Amino acid sequence: MQSLKVIFFACLIVIVSGCKTTIPMPSYLNQPITNYGNNEITQQQVEKSIIQAAISKGWKPVKVEEGKIRATLNIRKHRLDILITYDSKLVSIEYIDSANLKYNGKEIHRQYANWVSSLLNTINALVVVNND
């Protein structure tokens with residue numbers, strides 16, 4: 001009976017330790033814009049793609065100034081604010097603020113990486129579409 005308790009608690013520790021909800025804060029600075037073909041991509045095409053991608057993923061984008069868009073994502077009790085800086089060749093996404101994402105200056109909820117990566121992938125896909 002004693003060995004059964006030890007096995008149970010060992011399994012419980014393995015399960016609980018595998019459920020970590022935070023990750024080290026990833027960096028999304030200077031991400032290259034995808035360009036297939038010989039067509040020149042303009043900053044306006046990148047801007048249009050960022051806005052379309054953000055809206056399609058549930059973000060609320062607001063142009064702050066030329067080359068900068070602030071976007072907010074609200075999902076259930078979570079809120080994430082980011083700053084997207086861009087030109088015709090690069091996109092950078094920087095964390096601004098959040099609510100209920102366990103940000104402590106070094107780590108953040110693991111869903112942050114999924115949301116931002118998905119946004120970047122959609123931006124790149126739309127740059128290709130908007131460049132045709």
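**Close-up views of the predicted model**

View 1. At 33% relative accessibility, aspartate 97 counts as partly exposed, a class lying between buried (under 20% relative accessible area) and exposed (over 50%), computed with a 1.4 Å probe on protein chains only. Salt bridges that share partners join Arg70, Arg79, Asp81 and Asp97 into one network; a salt bridge places a side-chain nitrogen of Lys or Arg within 4 Å of a carboxyl oxygen of Asp or Glu. This is a predicted model, in which local features need pLDDT of at least 70 and side-chain atom pairs count only at pLDDT 80 or more, whereas totals for chains, interfaces and linings use all residues. Residues are numbered from 1 along each chain as its sequence is written, and side-chain values use heavy atoms, with hydrogens and water left out. Arginine 79 and aspartate 97 meet at 3.3 Å, N to O; the former lies in strand β5 and the latter in strand β6, 18 residues apart. Arginine 79 is partly exposed, at 24% relative accessibility. Aspartate 81 forms a salt bridge with arginine 70, with the closest N and O atoms 3.6 Å apart. Aspartate 81 belongs to β5 and arginine 70 to β4, so the pair ties together parts that are 11 residues apart in sequence. Aspartate 81 is buried at 5% relative accessibility, whereas arginine 70 is partly exposed at 35%.

View 2. Glutamate 40 pairs with lysine 89, their closest N and O atoms being 3.9 Å apart. Glutamate 40 occupies the loop between β2 (28-32) and α2, and lysine 89 the loop between β5 and β6, so the pair ties together parts that are 49 residues apart in sequence. Both residues are exposed.

View 3. Strands β3 (residues 59-65) and β4 (residues 68-75) run antiparallel and are joined by six bridges; strands are DSSP runs of E of at least two residues, and helices runs of H or I of at least four, numbered from the N terminus. Two strands pair if DSSP finds at least two bridges between them. Valine 62 stands opposite arginine 70 in β4. Two residues separate the strands, and glycine 67 takes a positive phi near 85°.

**View 4. Nonpolar core.** The largest core has 28 residues, of which Trp59, Ile82, Ile84, Val91, Ile93 and Leu119 touch the most other members. Such a core comprises buried Ala, Val, Leu, Ile, Met, Phe, Trp, Tyr and Cys residues joined through side-chain atoms within 4.5 Å. Helix α3 gives the most to this core, with nine residues.
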